[in-house]
Amino acid sequence: MASVDKRDLNVPTAEASNESKKKQYREKRKDFRDGQKNVSFEENAIELPRKRFYRQRAHSNPFSDHDLAYPSRPDSMDWSQLYPQFYDQEKKAMTSHVEIADIGCGYGGLLISLAKEFSDKLILGMEIRVQVTQYVQDRIDVLRRQEEDNYQNIAVLRGNAMKFLPNFFHKGQLSKMFFCFPDPHFKQRKHKARIITSTLLSEYAYVLRVGGVIYTITDVEDLHNWMAQHLEEHPLFQRLDKEWEEQDKCVCIMTNSTEEGKKVSRNNGRKWIACFERLPNPDDCD
Ligand SMILES: C[S@@+](CC[C@H](N)C(=O)[O-])C[C@H]1O[C@@H](n2cnc3c(N)ncnc32)[C@H](O)[C@@H]1O
């Protein structure tokens, strides 16, 4: 018997039905975003973005990000776009510079929790996934519209933190770098994609000031051991002890405020923390 093509009977094929679902999703997302743009502040009805309109694959390959643009040097970045309230129109210069970086910031929970705690410091989230970055951007825009005096000091940038960090930050510019629940890349052959490696640590040490701190937290014990070991072996980092962790407010904030961290808590999972201080370069010690 001759087979009948579903398309001849107007029965949607799986492919067509998927395409139509995707189209509906894109239209809903567009309507939601357009709606947000048109809400006036007086209406006081600005809604926070919904994650379901910013869906994206769980992982992005850090080695194939060829469409990303990087500044040739930190001063060629237009930081005023990200932090307009920290730009002096008369002097045509920023009044402050980024000091705290959340690497792989995901949906931005840490940025938002740090915003009020460090209201005088500029905080930057760096995130490789397009939709996730867009979500954080929209979230910050809404928060700024809801509370004009707050959240002006946080921003998000789409970028690959494994590449060209010194193009974004001057030597010793940062005082804190957070690595919260980084992608574990479980398989041995994928370990090179981990966000902490000996080579990358030298770049992080370059942009971090002496006395600055690298914060790491994960729910994957093997990854925790990997990060702690690489940091311990690096000559420019020294581990901070448990007592230090207990009194540091950022440790408490990063443990409880990121989206991944909250998920781990909901599942009663364990979290491993390791914090390291940036030591002076050996040449500077004489
Ligand atoms: C497991 S999520 C954790 C997100 C967030 N820190 C949290 O705790 O909720 C890891 C995030 O890092 C991002 N990421 C992975 N590699 C990156 C890279 N090289 N540069 C910037 N972001 C990266 C991923 O897209 C993802 O959003």
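Before anything else, I noted how angles work here: axes are lines fitted to C-alpha atoms, for helices over the stretch in contact, and angles run from 0 to 180 degrees between N-to-C directions. I also reminded myself that this is a predicted model.

Entry one, the helix. I looked up helix H2 (residues 109–117) and found it lying across strand S3 (98–103), S4, S5 and S6. Helix H2 runs at about 180° to S4.

Entry two, the sheet. In what order do the seven strands of the open sheet come? I read S5-S4-S3-S6-S7-S9-S8, with mixed pairing. Strand S5 (154–158) and strand S8 (237–239) stand at the edges with a single partner strand each, so one side of each has no neighbour in the sheet. On average, neighbouring strands of this sheet are turned by 20° against each other, direction ignored.

I picked strand S6 (residues 174–180) and strand S7 (residues 208–218), which run parallel and are joined by six bridges. I followed Lys176 across to S7, where its bridge partner is Val213.

How many residues surround the ligand? I found 23, and the closest are Gly104, Gly106, Ile128, Thr258 and Glu260. By type, the shell around the ligand divides into 11 nonpolar, seven polar and five charged residues. Strand S4 (122–127) and helix H9 (259–266) each supply at least two residues of this shell. H9 gives the most, with three residues.

Terms used
Residues numbered from 1 in each chain as written. Predicted model: local features only at pLDDT ≥ 70, side-chain atom pairs only at ≥ 80, totals over all residues. Near = placed C-beta within 6 Å. Helix = DSSP H or I, 4+ residues; strand = E, 2+ residues; numbered from the N terminus. Nonpolar A, V, L, I, M, F, W, Y, C, P; charged D, E, K, R; others polar. Pairing = 2+ DSSP bridges. Contact = placed C-beta atoms within 7 Å.
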